[in-house]
Structure formats: C-alpha cells, structure tokens
Amino acid sequence: MSDRNNFELRKEAEELMDKLTLDEKIGMIHGAELFRTAPVERLGIPALTMSDGPMGVRQEFEPASWKSVGNHDDYVTYLPCNSALAATWNRRLAELTGEVLGAEARGRGKDVILGPGVNIKRSPLCGRNFEYFSEDPFLTKEMAVPYIKEVGCGGVCEAFCRQ
C-alpha cells in the first residue's frame, strides 16, 4: 500500500471518528453482547463478531450468556493447543493450523479471532500457558508467524495477505 493510500485511509478514519458520538465509540470497544461489538448503522459501520480460543472456533452462544444456542450442526475442528504445536517445531504444521482456524472462522462469520496467544511463558503458574507457543522467543516467532499469516489468509484479517 502506498503512502498516499495510507494518508487517505488515515484521513477517512479521522473524519469518521469525528462523526461518532461517545456512546457509539464505547459500543465499538466495549461490546454489545457476548463476542460482538455494537454496530453504528447510521455511518455504515457493522458489528464485529469475534471468537475466543486459538484451538478452534467456539460454538454459538446466546447474545448475553454462555448458554449454547443449541445448533445441531455447530461443528468445527478442535486443534492442538499452541504449546503442543510448538513442541513439533514444524512451521508447515503451524501454517496448516492457522489455515484451518482462519477458514473455519470466516465460514462461521467471525471477523476477529481472540488468539493466538503470542506471549512468552514466564511462570508455570500462568493459567494460559497452553495458549502460548513457548518460553523460547525464537521458537515462538518461528511458529507464530506462519500461523498468523495463514489465519489472515483464511479471510479473518485479509491485511496479512496483502503484504
């Protein structure tokens, strides 16, 4: 993307921000229901739909509770946790994992995946260590980069594919 395009996009974003009310801005960052932001229909800004979990796209929940909506066809692939994936040192496997996650998220109408956890394991007491690739920064980078690029190419964040 050229500098001119970046300038134009920034200008357009700033103009849009000036048009938003405080309540609309809060709705876009705070959320309107479980895993969904509030849309701003008057400005053509849709709600963002998210999915939690780097090991697979979650089932669909009711808007304000963790109760399943009960779809009988609510199937996705549950993938190995990131620490298990990193233990393979297999970059191609990381790509394939990201590809599956991205395709399934897009297929289920998700705009954002709240993962992967690209943090460094620092303490065995951390309850989210399974979401992180490794305590080694080099291994984390080697596995996270192909994983994230393929999630993006699955349509969840298409900016990765343009680079």
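Modeller: Reading from the N terminus, the elements run α-α-β-α-α-β-β-β-α, which amounts to five helices and four strands. Helices (H or I, at least four residues) and strands (E, at least two) are DSSP runs, numbered from the N terminus. This is a predicted model, in which local features need pLDDT of at least 70 and side-chain atom pairs count only at pLDDT 80 or more, while totals for chains, interfaces and linings use all residues. Residues are numbered from 1 along each chain as its sequence is written, and side-chain values use heavy atoms, with hydrogens and water left out.

Biologist: Why is Lys110 called buried?

Modeller: A residue is buried when its relative accessible area is under 20%, exposed when it is over 50%, and partly exposed in between (1.4 Å probe, protein chains only). Lys110 has 4% relative accessibility, so it counts as buried. Arg108, with a relative accessible area of 21%, is partly exposed. Across the protein, 31% of the 163 residues count as buried.

Biologist: What makes the pair of Lys110 and Glu60 a salt bridge?

Modeller: The term requires a side-chain nitrogen of Lys or Arg within 4 Å of a carboxyl oxygen of Asp or Glu. The closest N and O atoms of Lys110 and Glu60 are 2.9 Å apart, and the pair forms a salt bridge. Lys110 lies in the loop between α4 and β2, and Glu60 in the loop between β1 and α3, so the pair ties together parts that are 50 residues apart in sequence. By the same rule, the count comes to 10 salt bridges.

Biologist: Which other residue meets Glu60 in a salt bridge, and what is the distance from N to O?

Modeller: The side chain of Arg108 does, at 2.9 Å from N to O. This pair too links distant parts of the chain, as Glu60 is in the loop between β1 (50-52) and α3 and Arg108 in the loop between α4 and β2 (112-114), 48 residues apart.

Biologist: What makes a group of residues a nonpolar core?

Modeller: A nonpolar core is a set of buried Ala, Val, Leu, Ile, Met, Phe, Trp, Tyr and Cys residues joined through side-chain atoms within 4.5 Å. The largest one here has 15 residues, and those with the most contacts inside it are Leu85, Leu101, Phe133, Met143 and Tyr147. At least two residues of this core come from each of α3 (82-86), α4 (91-107) and α5 (137-153), and the largest share, five residues, comes from α5. In soluble globular proteins, nonpolar side chains tend to be buried together.

Biologist: Which residues is Met143 in contact with, leaving aside its neighbours within four places in sequence?

Modeller: Contact means heavy atoms within 4.5 Å. With those neighbours left aside, Met143 is in contact with Leu85, Ala86, Thr88, Trp89, Asn90, Arg91, Ala94 and Phe133.

Biologist: Why is Thr49 called buried?

Modeller: Thr49 has 10% relative accessibility, so it counts as buried. Its place is in the loop between α2 (22-30) and β1. Leaving aside neighbours within four places in sequence, the residues in contact with Thr49 include Phe35, Lys110 and Val112.

Biologist: What is the phi of Phe35, and where is Phe35 found?

Modeller: Phe35 has a positive phi of about 60 degrees although it is not a glycine, and its place is in the loop between α2 and β1. Phe35 counts as buried because its relative accessibility is 18%. Trp89 also has a positive phi, near 55 degrees, in a residue other than glycine. Trp89 is found in the loop between α3 and α4, and its relative accessible area of 48% makes it partly exposed.

Biologist: Which peptide bond is cis?

Modeller: The bond from Gly115 to Pro116 is cis, with omega near 5 degrees, and Pro116 has its place in the loop between β2 and β3 (117-120).
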